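Here's a quick tour for anyone opening this structure for the first time. Have the sequence and the 3D view ready, and we'll go topic by topic.

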Amino acid sequence: MNFSEQWLRSLVNPQATRDELVARLSMAGLEVDAVTPVAGEFSGVVVGEVLSVEQHPDADKLRVCQVSDGETTVQIVCGAPNVRADLKIPFARVGAVLPGDFKIKKAKLRGVESFGMLCSASELQISEENEGLLELPADAVVGQCVRESLNLNDVCIEVDLTPNRGDCLSLQGLAREVGALYNVPVQLPVITTVAASHEQSVAVELAAPQACPRYAGRVITGVDLTQSSPAWLVERLQRSDIRSIDPVVDVTNYVMIELGQPLHAFDLAQINGGICVRMAQDNEQITLLDGQKIKLKANTLVIADQQRALAIAGVMGGENSGVEVGKTTDIFLESAFFEPIAIAGKARSYGLHTDASHRFERGVDWQLPAQAIERATELLLSIVGGQAGPVIVTEDAQHLPSTAPITLRAERVKQMFGLSLTDAEIEALLTPLGLQLTAQGAGVWSVIVPTHRFDITIEVDLLEEIGRLYGYDQLPVRYPAARLAPQAQSETQAQLPSLRRLLVARGYQEAITYSFIEPQLFSAFHPELKALTLANPISAELSVMRASLLPGLLKALQHNLNRQQDRVRLFESGLSFVGQLDDLKQERMLAGVITGSRLPEVWAHGSDNVDFYDIKADVEALLGSAGDSDSYTFVACQQHAFHPGQCARIERNGEAVGYVGTLHPQLATELDIDQQVLMFEVQLDAISAGRLPAFKELSRFPEVRRDLALVVNADIPAQQLMDAMRSAAGEWLTQIRLFDVYQGKGVEEGCKSLAVGLTWQHPSRTLTDDEVSAATQAILTLLSDKFAAILRK
């Protein structure tokens, strides 16, 4: 939320500097994101009046103006298209300094002397408007400093509020908060009741009282919308980041910013019969004020008349029933309380976000509607005239929020904060918030919460308020005291922290991505699965739950590649979500993606890019961390999102536990990734279980090694040959290693040469050559029979 500091200080003015106020708000949980001056730094600029304008003798686009600053009349050469006699504008005298340290000097333009400069809004950094001179009000005092005339010694403060503090989405709420923080009086807006001058009203029916239990309305006739909103109101709206539209809309927006209650005005002539607050009919259509045509869903609350929907309740009004300058003469002013749950997510579901929906989703004081209508009526009558009818409040008391007293104990304050406060100090902290404390004994109170603080419902909420107002930075610091016994760590489990450290040691960086992804990306990875769609997504691009960690990691990788990070290694651990709510399966997963060069750029080695075997080595390191790497095998397969010829299924004792391979080229193109990406994903629980290490005595006898170069069909995986060799080598085989793969000259086309080293060692004696030769011959016989393998000559 944006607001003017001067507006806030007109309601509550603590003896604190701007910086102190900003820091105190942030420490109290109302985080200040930005403090922006309403104008740039300048001096020597006063209100000037153009007395006469003549054409420049040597330039078609320049004018020679006589300008008064209240003391003297000077000549100014100006090229602005809107310069004219009797216009009041910002006049920078000779010697003035404009933003950017631009000094105004006497000049000569096309042979004509100019003694100063007439300024636009952009040149004073008031706004980006640069189409012409900044036109000042006709009653501006000539010669007065422009900063004083336009009230420019002000800043716009932007506050980022947590969802539970909807009460601070108004100047009234912020003023209450500042008053409580500094224990100073607050001058809230005085709201006077406007007497009805006629009896005309609109009948209201609450057909959905659980969603809208209170609805207030008032008819105002004879309004003149050709009138302009006063400068002070427009100024406060602009400094709240709201543009001026017309007097009626400006007033409703002003009251919303001031009190926190959104309002809406209908053209009374466009209401057929009465108002009905109901749920929409499925596929019912409405054209909104921004021109969008919307098909409504059955779970959407609407404001309707007897023929059609007029507005999406709490979100936006309809085009056909909106007020229109030059046409509307009678209006129906609406102010309602909507249950936050009924409004939450509805704007986003239609691709909308409005100031009204932002407030109603977080909660609005249910006692505000009638007060807001009275405040808006008072302002409207003073600007556009007209006659007000009675305020008609329709409500269903059964569905209105109720409040129950909360018991607060002083002992809980000490327990929570380690802070000893007297009963009087606790009461002094909470009373300025509007809380009513009734003593129930020593150190015990019954607390009545005001309706605007709907976030306070239990004792711990009151404790939070005490901590905020006392000052989190003022709370005593103490170290926790506890008897902490060490926990046993299983040696048969690879813990997630150790797996994280292993990947970091191999050059990866941990990423944390959303658990929800865009539907198109889900379909690309899992075309055979039905996505679990969120009922209230934060955006349309993040509306389904992920069934894999890889889509989020690939988006993170894409983000890095788009910012000239060509070598990327990322991993993430988290949950995947497969199925629907009634049979949802949540599984812990570990995934990684790599791209770019194998090693960081340095003179000592080449710049080869990563390939399948690089990421396979990383995966093998993970699988071996639990001490049972022999139970895993890699089986060639095809899997969605992976390259058809560069994907392997990771199996443990015959069961799939993950996949590793190259990103599918088509998917890489859709993600706008123009370099090879390799990725893996494994089931965390499946790879964490390992084997308990056991002692084995080292043999004192020599090893015997035999190297075999075998020629086999190129389609036969090396792993199959090695498994067969291990089965035929006998019990004393200690190691088998593939150390060379060759295809080319000397090897028949369609075949490959695999060089394998085999090592035998007996634990209690030296093996003889005959024993090793017999084992070697058994291997060759098996490979010849099973794979038609031959020794390479």
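A search of the whole structure turns up seven aromatic pairs. Rings of Phe, Tyr and Trp (its six-membered ring) count as a pair if their centres lie within 6.5 Å, with planes under 30 degrees apart called stacked, over 60 edge-to-face and the rest tilted. Keep in mind that this is a predicted model, where local features need pLDDT of at least 70, side-chain atom pairs count only at pLDDT 80 or more, and totals for chains, interfaces and linings use all residues. Residues are numbered from 1 along each chain as its sequence is written, and side-chain values use heavy atoms, with hydrogens and water left out.

**Aromatic rings**

- Phe-338 and Phe-360 make an edge-to-face pair, 4.9 Å centre to centre with 75° between the planes.
- That pair links distant parts of the chain, 22 residues apart: Phe-338 is in the loop between strand E21 (331-337) and helix H7 (340-343), while Phe-360 is in helix H9 (residues 355-362). Helices (H or I, at least four residues) and strands (E, at least two) are DSSP runs, numbered from the N terminus.
- Buried means under 20% relative accessible area, exposed over 50%, and partly exposed in between (1.4 Å probe, protein chains only).
- Tyr-514 and Phe-516 are a stacked pair, because their ring centres are 5.4 Å apart and their planes sit at 20°.
- Trp-7, Trp-232 and Tyr-254 come together as one aromatic cluster.

**Charges over rings**

- Arg-569 lies over the face of Tyr-508, 5.8 Å from the ring centre. The test asks for NZ of Lys or CZ of Arg within 6 Å of the ring centre and within 35 degrees of the ring normal.
- Lys-616 lies over the face of Phe-634, at 4.6 Å from the ring centre.

**Nonpolar cores**

- In soluble globular proteins, nonpolar side chains tend to be buried together.
- Here the largest nonpolar core has 101 residues, and Tyr-215 and Ile-275 have the most contacts inside it. A core of this kind is a set of buried Ala, Val, Leu, Ile, Met, Phe, Trp, Tyr and Cys residues joined through side-chain atoms within 4.5 Å.
- Which helix gives the most to this core? Helix H10 (residues 368-384) does, with eight residues.
- Another core, of 26 residues, lies apart from it, and Leu-549, Leu-550, Leu-553 and Cys-647 are among its members.

**Domains**

- The chain is assigned domain 1 (2-32 + 156-182), domain 2 (43-150), domain 3 (204-395), domain 4 (406-474), domain 5 (496-688) and domain 6 (704-791). Bounds like these come from an automatic or database domain assignment.
- The centres of domain 2 and domain 4, taken over C-alpha atoms, are 58 Å apart.

**The largest pocket**

- The largest pocket has a volume of about 1600 Å³. A pocket is an open set of points on a 1 Å grid over the protein atoms alone, where a 1.4 Å probe fits and protein lies on both sides within 12 Å along at least five of seven lines; lining residues have an atom within 4 Å of a point. Points are joined across faces, edges and corners, and the volume is the space filled by probe spheres set on them.
- There are 36 lining residues, and the closest to the pocket centre are Lys-616, Glu-620, Phe-634, Gln-719 and Met-722.
- Elements giving two or more residues to the lining include helix H17 (612-624), strand E32 (632-636) and helix H20 (718-728).

**Positive phi in loops**

- Most residues other than glycine have a negative phi, and most peptide bonds are trans.
- Gln-564 has a positive phi, near 60°, and sits in the loop between helix H16 (550-561) and strand E30 (568-578). Gln-564 is exposed, at a relative accessible area of 63%.
- Asp-672 also has a positive phi near 60°, this time in the loop between helix H18 (665-670) and strand E35 (677-683). Asp-672 is exposed at 62% relative accessibility.
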